[in-house]
Amino acid sequence: MRHEKNTLTCFYLETNILDVYLLPHPNKPQQHYGITSPISLAQAKEADLVLTHRLTEALKPYGVFEEELELQRRIHVLGKLNTLVKEWIRDVSETKNLPASVIETVGGKIFTFGSYRLGVHTKGADIDALCVAPRHVERTDFFSSFLDKLKEQEEVKDLRAVEEAFVPVIKLSFDSIEIDILFARLALQTIPENLDLRDDGLLKNLDIRCIRSLNGCRVTDEILHLVPNIDNFRLTLRTIKLWAKRHNIYSNILGFLGGVSWAMLVARTCQLYPNAVASTLVHKFFLVFSKWEWPNPVLLKQPEDCNLNLPVWDPRVTPSDRYHLMPIITPAYPQQNSTYNVSASTRAVMVDEFKQGLAITDEILQNKAEWSKLFEAPNFFQKYKHYIVLLASAPTEKQHLEWVGLVESKIRILVGNLEKNEFITLAHVNPQSFPGPKESREKEEVSTMWVIGVIFKKMEASENLNVDLTIDIQSFTDTVYRQAMNSKMFEADMKIQAMHVKRRQLHQLLPNLVMPKRRKHSTEGLRQMNDSSLDLSLDSDNSMSVPSPTAVPATVPMLTPVKSGPLGPPPSPIAAAASQPEAPAVKRPGSPMQEERKRVKSDAEVFNLYCPSREIKFSLCSQEFTDNTVKCIFPICFVPTVYCHFGTPLFCLQICHLFLA
């Protein structure tokens with residue numbers, strides 16, 4: 001079944017789109033795969049092959065298959081890159097005065113890993129590559145002389161080195177194909193053409209950065225060696241990856257599963273049903289993992305100890321491993337959990353999607369539905385009643401790219417904080433981000449927006465429940481700002497803003513392609529927004545604009561949260577009304593400013609009950625605003641402004657809480 005491929009001349013050779021569904025010869029002894037016996041050895045029936053053909057046809061419109069011409073172009077580009085690596089290593093060898101006989105055979109090689117090596121990459125996908133060099137070639141050579149050699153190539157564009165990353169990488173576009181190149185220096189004098197990176201002995205005497213760089217190739221190669229039929233595995237994995245992306249559960253960084261984790265789940269399914277074709281394997285995938293008893297780990301092979309003293313996933317030895325909620329363990333040494341980012345909420349969302357996938361594939365196998373139903377994207381923005389919208393903005397495009405990358409990498413911390421809130425059952429972040437609206441038309445800035453669906457617990461004997469999310473969000477933003485400053489990335493005007501929005505108001509924040517425009521809501525004063533402006537007064541009593549660390553002078557102490565008094569915690573700018581009826585707002589009678597002055601007095605009295613030992617000052621302004629933003633008149637204040645709507649023009653009520661010792 002398995003054909004070894006020469007990585008040099010044929011980095012990846014995929015079967016035809018209409019895969020040949022190979023079945024084992026009836027007289028051939030069945031090979032055992034995985035850590036347990038198979039669940040079923042049943043052979044595929046004619047109906048299974050028909051369903052698999054239909055599945056292939058259903059996948060085509062989504063661009064999951066690459067044309068043969070484009071595939072050959074990738075192979076050609078990788079061949080040229082491999083030649084450059086060999087030339088570079090020979091040049092380095094000459095500068096280090098190696099004997100001519102060694103220089104001629106020194107070798108060097110480009111390996112691929114990830115979706116391209118697995119054979120499941122989509123149109124326009126990037127390529128993950130690894131440059132393997134002999135022991136006399138240093139990492140500093142890779143990020144200096146090899147980088148210079150790449151700069152000389154006409155086909156190379158957008159070249160950049162990320163030397164200080166956890167896994168150092170060179171990123172580039174080679175003939176319009178995006179490639180990420182890692183580097184590993186082996187303890188070998190020469191690099192042979194038939195080098196097998198799965199050999200654990202290659203890890204001896206390597207530094208940790210080289211081991212991390214090798215890990216991607218080693219894991220990918222192990223997966224391909226641990227499945228009974230590579231063609232069936234590939235088609236099944238294409239299906240599951242597309243389904244996961246369509247259902248917004250494909251993102252390792254946000255606490256769902258990434259490509260290698262989905263590959264390992266599909267590989268385990270193939271091991272349990274070694275003779276099944278793709279249509280059956282997709283159904284069995286949902287069957288197995290909708291009933292899997294997490295946190296029991298998913299293993300493709302028994303873990304091996306190579307006595308190299310490298311840290312491996314082992315809950316018996318490492319206490320922190322016991323808290324992993326959905327462990328999927330990589331098959332190559334050193335074994336690691338690829339899903340350590342998974343939280344209680346993301347696991348619950350994925351298990352629910354597994355169950356729904358099982359129900360749909362049951363219908364498909366019974367010819368009651370088509371495969372297209374499996375790929376129908378659910379409406380995330382109608383799924384929940386309450387949402388938290390997170391907005392990250394920066395003054396320039398370059399700063400925005402860095403800032404958004406940092407914020408996105410920490411959103412899972414916010415989800416974890418929300419999960420710990422006693423009034424929240426689930427926090428579901430949508431992996432898809434959206435262009436954020438601007439606070440001001442006059443000010444240049446770039447922003448990105450994420451949406452988190454929230455389910456609040458139903459409280460008995462309580463019609464209205466105010467949930468204070470200020471501390472949860474402030475803890476998240478503090479972490480982001482702290483890391484930005486520690487890495488010297490932080491710049492002025494890099495901001496994070498969070499606001500609580502109800503489902504009926506989402507259409508004002510999201511692009512038209514996601515949320516079609518609805519008819520005007522009966523609430524007066526909610527103005528329609530376009531793509532370039534944001535009415536920050538939307539549900540603004542539930543929004544919090546988190547200040548940048550430089551916003552508060554060093555001489556002014558940070559405000560500490562007020563402890564709960566007999567009446568509970570004080571009202572919060574991010575407080576979410578968890579169970580209030582969604583009735584249309586009614587315009588208040590009388591003069592708007594008179595009504596607001598009454599409310600200010602009422603708020604002041606209530607707030608004094610919460611903290612009687614502190615003086616509270618209020619400032620009220622009644623000017624009209626055409627701009628969407630209002631500055632606080634107290635320069636040391638960073639508490640968010642509270643807005644109230646009374647149609648057009650917009651009147652602003654600004655309450656500034658100054659806690660004085």
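Colleague: What should I keep in mind before I start?
Modeller: The model is predicted, so local features need pLDDT of at least 70 and side-chain atom pairs count only at pLDDT 80 or more, while totals for chains, interfaces and linings use all residues. Residues are numbered from 1 along each chain as its sequence is written, and side-chain values use heavy atoms, with hydrogens and water left out.

Colleague: Where does His324 lie, and is His324 buried or exposed?
Modeller: Buried means under 20% relative accessible area, exposed over 50%, and partly exposed in between (1.4 Å probe, protein chains only). His324 counts as buried because its relative accessibility is 17%. As for its place, that's the loop between helix H9 (278-290) and helix H10 (344-365); helices are DSSP runs of H or I, at least four residues, numbered from the N terminus.

Colleague: Which residues does His324 touch?
Modeller: Contact means heavy atoms within 4.5 Å. Leaving aside residues up to four places away in sequence, His324 touches Pro295, Trp313, Asn337 and Tyr340. Tyr340 is 16 residues away in sequence, yet the C-alpha atoms of the pair are 5.9 Å apart.

Colleague: And how do I read H13? How many residues does it have?
Modeller: Expected span is 1.5 Å times one less than the number of residues. H13 (residues 470-486) has 17 residues and reaches 24 Å from first C-alpha to last, close to the 24 Å expected. Its buried residues include Ile473, Phe476 and Tyr481. After H13 comes Lys488, with a positive phi near 60 degrees.

Definitions and conventions
Helices (H or I, at least four residues) and strands (E, at least two) are DSSP runs, numbered from the N terminus.
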